[in-house]
Amino acid sequence: CPQDELPIPQLRIEEEECFHGVLPREEVQRLLTEDGDYLVRESKNRKTNETRYVLSMYWQGHKHFIIHGAEETGWRFEGASFLPTIQELIEQRYMSGEPVTNKSQAILKKAIVREDWELLNDHIHLEMQIGNGNFGEVYKGMYAPKNMVVAVKTCRDTLSEDQRKKFLQEGRILKQYNHPNIVSFIGIAAQRQPVMIVMEFVPGGALLSFLRKQGKQQSKRQLTQMCVDTANGMAYLEGRGCIHRDLAARNCLVGDNNVIKISDFGMSREEEEYTVSEGMKQIPIKWTAPEALNFGKYTSLCDVWSYGILMWEIFSAGQQPYSGMTNAQAREKIEDGYRLPQNSQTPESMYKLMLGCWEYNPKKRPHFKDVYDGLKDALKRL
Ligand code: ADP
Ligand code: MG
């Protein structure tokens, strides 16, 4: 990518700072904001499945130019003449001030280089599989430049660009958050397949497994502290208009000193209210509020319902909620007014809070800020 006064090194296009790899079109568009901004990315021809290079730029709107050619023949945008490398082709347009194509009249002004969250695939070493995701496996690994242990969610390379976009949605959401009770984002590696989301590695693993193994040994105080942590993270998300939609013990992680970190933002949305119309296949019925199940209407108050179930999981050593009932039966019982019972380990005040989270009318449920304040109070009294 030519930049003023810098010599142009002979790198492979993949190594160039302005090469963003297989990052989906929507993601790269976010990086291009002013007339003349440009970068290079890779995409797949839907029909032939062939890999091709694309010059994406901003010129009175987002434009994408396919770079035609091959290693052997050289590269061009249009016309008969080819240049030996993609860099030379771009350099030619940049230096001469000639438009990329005649029709577009678009002129290259500023190469947009990778941001610090755009990691190089080669810098990430996968070491051990620790989970199985919707889109691909989850690994423990190493982020070499920082010598840092990380968790890596991968996206199977057989998935379509559309699926890859959905996969990356999780990274895009996490990228904006910074909170002790939310798993931290390190970056996305999308230079080539498989695309990866890289996060801090949380050593204690999933809260659900922790509860099943060690839940009975925890004091009421420790269990309440876990509820405080989750409420703290959720209050932060609610304040930023993020609906998680899959809050459950299986999607929380246990960190050092048993600090809880909310994770798995694969279903989350940044909207005040989110309505789903597609099939309900993927929905965790036993954790989901009635209005979301019945009308597909999601708000942070639905997360509050799920939070009540999560509290129940915490105080029952990770039991399955509504065990012995199918999803459909549980749903029907809830409609009839049934709620999960209080078990012997659950303090009265905690159970009351759960019942508040399970108010049928979402408006009667507390917001996370109230839950958090209430729990902090309860903790003082324990
Ligand atoms: P999925 O989309 O498959 O539900 P999750 O984000 O829930 O993916 O991750 C699956 C499992 O991988 C988790 O239950 C947990 O055991 C492990 N895992 C995920 N992220 C981390 C992390 N940051 N640190 C440690 N383990 C993790
Ligand atoms: Mg999960």
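## Helix packing, cavities and backbone exceptions

H5 passes H10 in a left-handed crossing (left-handed if the near helix is turned anticlockwise from the far one by less than a right angle, right-handed if clockwise). The model is predicted, so local features need pLDDT of at least 70 and side-chain atom pairs count only at pLDDT 80 or more, while totals for chains, interfaces and linings use all residues. Residues are numbered from 1 along each chain as its sequence is written, chains are lettered from A and ligands numbered from 1 in the order in which they are written, and side-chain values use heavy atoms, with hydrogens and water left out. Helices (H or I, at least four residues) and strands (E, at least two) are DSSP runs numbered from the N terminus.

**H5 with H10**

- The axes of H5 and helix H10 (residues 368–381) come within 8 Å and cross at roughly 155°; axes are lines fitted to C-alpha atoms, for helices over the stretch in contact, and angles run from 0 to 180 degrees between N-to-C directions.
- H5 is therefore roughly antiparallel to H10 (angles over 145 degrees count as roughly antiparallel, under 35 as roughly parallel, 65 to 115 as roughly perpendicular and the rest as oblique).
- The contact (heavy atoms within 4.5 Å) involves residues of H5 including Arg221, Gln225, Asn232 and Ala235, and residues of H10 including Phe368, Tyr372, Leu375 and Leu379.
- By class, this contact of H5 with H10 has ten nonpolar, three polar and four charged residues; Ala, Val, Leu, Ile, Met, Phe, Trp, Tyr, Cys and Pro count as nonpolar, Asp, Glu, Lys and Arg as charged, and the others, Gly among them, as polar.

**H5 with H7**

- Helix H5 (residues 220–239) and helix H7 (residues 300–315) have axes that come within 10 Å and cross at roughly 165°.
- H5 is therefore roughly antiparallel to H7, and H5 passes H7 in a right-handed crossing.
- Among the residues in contact are Lys220, Leu223, Met226 and Thr230 of H5, and Ser300, Asp303, Leu310 and Ile314 of H7.
- Eleven nonpolar, three polar and three charged residues make up the contact of H5 with H7.

**H7 with H9**

- The axes of H7 and helix H9 (residues 348–357) come within 8 Å and cross at roughly 150°.
- H7 and H9 are therefore roughly antiparallel to each other, and H7 passes H9 in a left-handed crossing.
- Val304, Trp305, Tyr307, Gly308, Met311, Trp312 and Phe315 in H7 meet Met350, Leu353, Met354 and Cys357 in H9.
- The contact of H7 with H9 has ten nonpolar residues, one polar and no charged residues.

**Cavities**

- The structure holds two cavities of 30 Å³ or more; on a 1 Å grid over the protein atoms alone, a cavity is a set of points where a 1.4 Å probe fits but cannot get out, and lining residues have an atom within 4 Å of a point.
- The largest cavity has about 90 Å³ of space, a volume being the space filled by probe spheres set on the grid points, which are joined across faces, edges and corners.
- Its lining includes Ile285, Lys286, Trp305 and Tyr322, and H8 gives the largest share, five residues.
- The second largest cavity has a volume of about 40 Å³ and is lined by His20, Leu23, Arg114, Glu118, Leu119, Ile188, Ala190 and Gln191.

**Backbone**

- Gln193 and Pro194 are joined by a cis peptide bond with omega about -10°, and Pro194 is in the loop between strand E10 (185–189) and strand E11 (196–200).
- Asn147 is not a glycine but has a positive phi of about 50°.

Terms used:
On a 1 Å grid over the protein atoms alone, a cavity is a set of points where a 1.4 Å probe fits but cannot get out, and a pocket is an open set with protein on both sides within 12 Å along at least five of seven lines; lining residues have an atom within 4 Å of a point.
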